[in-house]
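Thanks for coming. I will go through one model, starting with the overall layout and ending with a few side chains.

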Amino acid sequence: MNKIIKVSVLLAGSLSSLSLQAAPRQPAADNGALVKLQASVKSLTAERDAATAEAAALKSEVEQLKKENSAAVSTKEQLGSELSAQKNSNSEVRDRLEKTNAKLLEVIEKHKVLNQAKADLGNELTVVKGKQQAAEQHLATCNDHNVKLLQSGQELLDRYQSKGTLATLLQDEPILQFQSVEMETIAQEYQDKLNSGKYQK
């Protein structure tokens, strides 16, 4: 573009110098030179006009490129702003993901602890059930023994109360005579103890 402007300036300068130095008209012998000069001036004028038109077109193109450059800069800034917002959003999502992951690990750890506690309680329950079963068997054995002891005590009392003739004779003997009222009291106390000691489910 600069070359075209320089050429245009040179042509304009040479034309003005030619017109300044033009001599008075010579006779017909100089007509050929004049025709050549006029053709050269015409050609240079056409080139100048073409160069001016091209310069105007280039100027318009430069203005268009400036506008496009301005639009590209604006788009770049907008994209930079969007990218920055996206990076911030990604950072927030990453933070939330890390927090969620930490909570998940905490819940998993609590779940493990609860499962272990559940297993321990299950073991304790099994032990307690075993002890309960053993205690129930022991109580059943004690109940059987208690019933047998009660039956034996009852038989003993029945035998005492229905003593035979020999026992009555012996009771009448002054040497072997027992105090009957005292024996009855002892028998009654024994009966009460047997009744109160009876196992009741």
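Helices (H or I, at least four residues) and strands (E, at least two) are DSSP runs, numbered from the N terminus. On that basis the protein chain has 4 helices and 0 strands, and its pattern along the sequence reads α-α-α-α.

Some ground rules. This is a predicted model, where local features need pLDDT of at least 70 and side-chain atom pairs count only at pLDDT 80 or more, while totals for chains, interfaces and linings use all residues. Residues are numbered from 1 along each chain as its sequence is written, and side-chain values use heavy atoms, with hydrogens and water left out.

Confidence next. pLDDT is the predictor's confidence in each residue, from 0 to 100. The average for the protein chain is 78, and 70% of the residues score at least 70. Helix α1 (residues 2–21) has the lowest confidence, with a mean of 53, and α2 has the highest, at 88. Over residues 17–23 the pLDDT is below 50, and beyond near neighbours in sequence this stretch has 1 contact in the model, a contact being heavy atoms within 4.5 Å. Where pLDDT is low, the predicted coordinates should not be read in detail.

Now burial and surface. Buried means under 20% relative accessible area, exposed means over 50%, and partly exposed is in between, with a 1.4 Å probe and protein chains only. Of the 201 residues in the protein chain, 7% are buried. Accessible areas come from the Shrake-Rupley method with a 1.4 Å probe, and for residues only the protein chains shown count as cover. The protein chain exposes about 17,200 Å², of which carbon and sulfur atoms supply 59%.

What about contacts along the chain? Among those in the protein chain with a separation of 6 or more, 76% come from residues 24 or more positions apart. Tyr-190 is a case to look at, placed in helix α4 (residues 180–196). Leaving aside neighbours within four places in sequence, Tyr-190 contacts Gly-153 and Leu-157. Gly-153 is 37 residues away from Tyr-190 along the chain, and their C-alpha atoms are 8.3 Å apart. Tyr-190 counts as partly exposed because its relative accessibility is 34%.

On to charges. A salt bridge here is a side-chain nitrogen of Lys or Arg within 4 Å of a carboxyl oxygen of Asp or Glu. How many salt bridges does a search of the whole structure find? The search returns 2. One joins Asp-49 to Arg-48, with 3.2 Å between the closest N and O atoms. Asp-49 is partly exposed at 41% relative accessibility, and Arg-48 is partly exposed at 31%.

Glu-106 and Lys-110 form a salt bridge too, with their closest N and O atoms 3.5 Å apart. These two are about one helical turn apart, because they sit 4 residues from each other in helix α2 (residues 31–161). Glu-106 is partly exposed, at 45% relative accessible area.

Last, helix α2 also holds Leu-104, which is partly exposed at 48%. Leu-104, Leu-105 and Ile-108 make up a nonpolar surface patch with about 280 Å² of accessible area together. Patches are built from residues with over 30% relative accessible area and no salt bridge, joining like charges within 9 Å and nonpolar side chains (Val, Leu, Ile, Met, Phe, Trp, Tyr) within 5 Å.
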